[in-house]
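Open the model in your viewer and keep the sequence panel beside it. This tour goes from the whole chain to single residues, one selection at a time.

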Amino acid sequence: LLAAPPEAPPGDHLGELLESLREELRCPITYGLPADPVVAGDGHTYERAAIQQWLAQHGTSPLTRQQLATAELTPNAAVARVARRLRELGAASVVSSDA
């Protein structure tokens with residue numbers, strides 16, 4: 001018989017996982033967890049107010065510096081749900097949509 005792998009103690013590495021999630025979801029402009037996340041024409045997710053301001057001033061992707069084919073912003077419901085849950089758990093700071 002094969003022995004089952006040892007189980008990690010409850011909560012072990014939970015803080016690291018939450019921090020990693022927060023880093024993955026953070027807005028590349030504000031560096032905070034977006035309250036109103038949207039996907040821009042470059043495929044990246046940003047805080048709506050921050051990317052709107054960036055596009056009004058630059059018209060390019062903040063990450064690639066390439067001109068965007070469209071200024072359309074699409075709500076990112078999945079990031080919004082995860083970010084909301086992280087905030088509920090107290091694992092992340094929120095960036096106001098007034099940013």
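**Whole chain.** Start with the surface. The chain exposes about 6,500 Å², and carbon and sulfur atoms supply 54% of that area. Accessible areas here come from the Shrake-Rupley method with a 1.4 Å probe, and for residues only the protein chains shown count as cover. This is a predicted model: local features need pLDDT of at least 70, side-chain atom pairs count only at pLDDT 80 or more, and totals for chains, interfaces and linings use all residues. Residues are numbered from 1 along each chain as its sequence is written, and side-chain values use heavy atoms, with hydrogens and water left out.

Switch to cartoon. The chain has 3 helices and 5 strands. Along the sequence they follow the pattern α-β-β-β-α-β-α-β. Helices (H or I, at least four residues) and strands (E, at least two) are DSSP runs, numbered from the N terminus. Of the 99 residues, 31% are buried. Buried means under 20% relative accessible area, exposed over 50%, and partly exposed in between (1.4 Å probe, protein chains only). Contact means heavy atoms within 4.5 Å. Among contacts with a separation of 6 or more, residues 24 or more positions apart account for 50%.

**Select 14-25.** This is helix H1, with 12 residues. At 1.5 Å a residue H1 should span 16 Å, and its end C-alpha atoms are 17 Å apart, which agrees. The expected span is 1.5 Å times one less than the number of residues. Colour Leu-18, Arg-22 and Leu-25: these are the buried residues of H1. Seen down the axis, they fall within an arc of 70°, so they line one face of the helix. The arc is that of the directions from the helix axis to the C-beta atoms. Now turn to the face of H1 pointing away from the buried side. Glu-16, Leu-17 and Glu-24 are exposed there. Cover for the buried residues of H1 includes strand S1 (33-34) and helix H3 (77-88).

**Select 77-88.** H3 also deserves a look down its axis. Its 12 residues reach 16 Å from first C-alpha to last, close to the 16 Å expected. Val-79, Ala-83 and Leu-86 are buried in H3. They cover an arc of only 60° around the axis, which puts them on the same side of H3. H1, S1, S2 and S3 are among the elements that cover them. Just after H3, find Gly-90, with a positive phi of about 75°.

**Select 48-57.** This is helix H2. Its buried residues are Ala-49, Ala-50, Ile-51, Trp-54 and Leu-55. They pack against strand S2 (37-39) and strand S3 (45-47). Gly-59 follows H2, and its phi is positive, near 75°.

Zoom in on Ile-51. At 0% relative accessibility, Ile-51 counts as buried. Leaving out residues up to four places away in sequence, Ile-51 touches Ile-29, Val-38, Ala-40, Tyr-46, Pro-62 and Leu-73.

**Show the cores.** Which residues make up the largest nonpolar core? Select Cys-27, Val-38, Ala-40, Tyr-46, Ala-50, Ile-51, Trp-54, Leu-55, Leu-68 and Leu-73, 10 residues in all. H2 gives the largest share of this core, 4 residues. A second, separate core of 6 residues includes Leu-18, Leu-25, Val-79 and Ala-83. A nonpolar core is a set of buried Ala, Val, Leu, Ile, Met, Phe, Trp, Tyr and Cys residues joined through side-chain atoms within 4.5 Å. In soluble globular proteins, nonpolar side chains tend to be buried together.

**Go to Ser-61.** Ser-61 lies in the loop between H2 and strand S4 (74-75). Is Ser-61 buried or exposed? It is buried, with a relative accessible area of 0%. Its side chain reaches the backbone nitrogen of Leu-63 at 3.1 Å. That pair is a polar contact: N or O atoms within 3.5 Å, where within protein one must be able to donate a hydrogen and the other to accept it, and residues adjacent in sequence count only if both atoms are side-chain atoms. Beyond four places in sequence, Ser-61 touches Asp-42, Tyr-46, Trp-54, Gln-66 and Leu-68.

**Last stop: two loop residues.** Arg-65 sits in the loop between H2 and S4. Its phi is positive, about 65°, although Arg-65 is not a glycine. At 53% relative accessibility, Arg-65 counts as exposed. Then pick Tyr-31, in the loop between H1 and S1. Tyr-31 has a positive phi near 65° and is exposed, with a relative accessible area of 54%.
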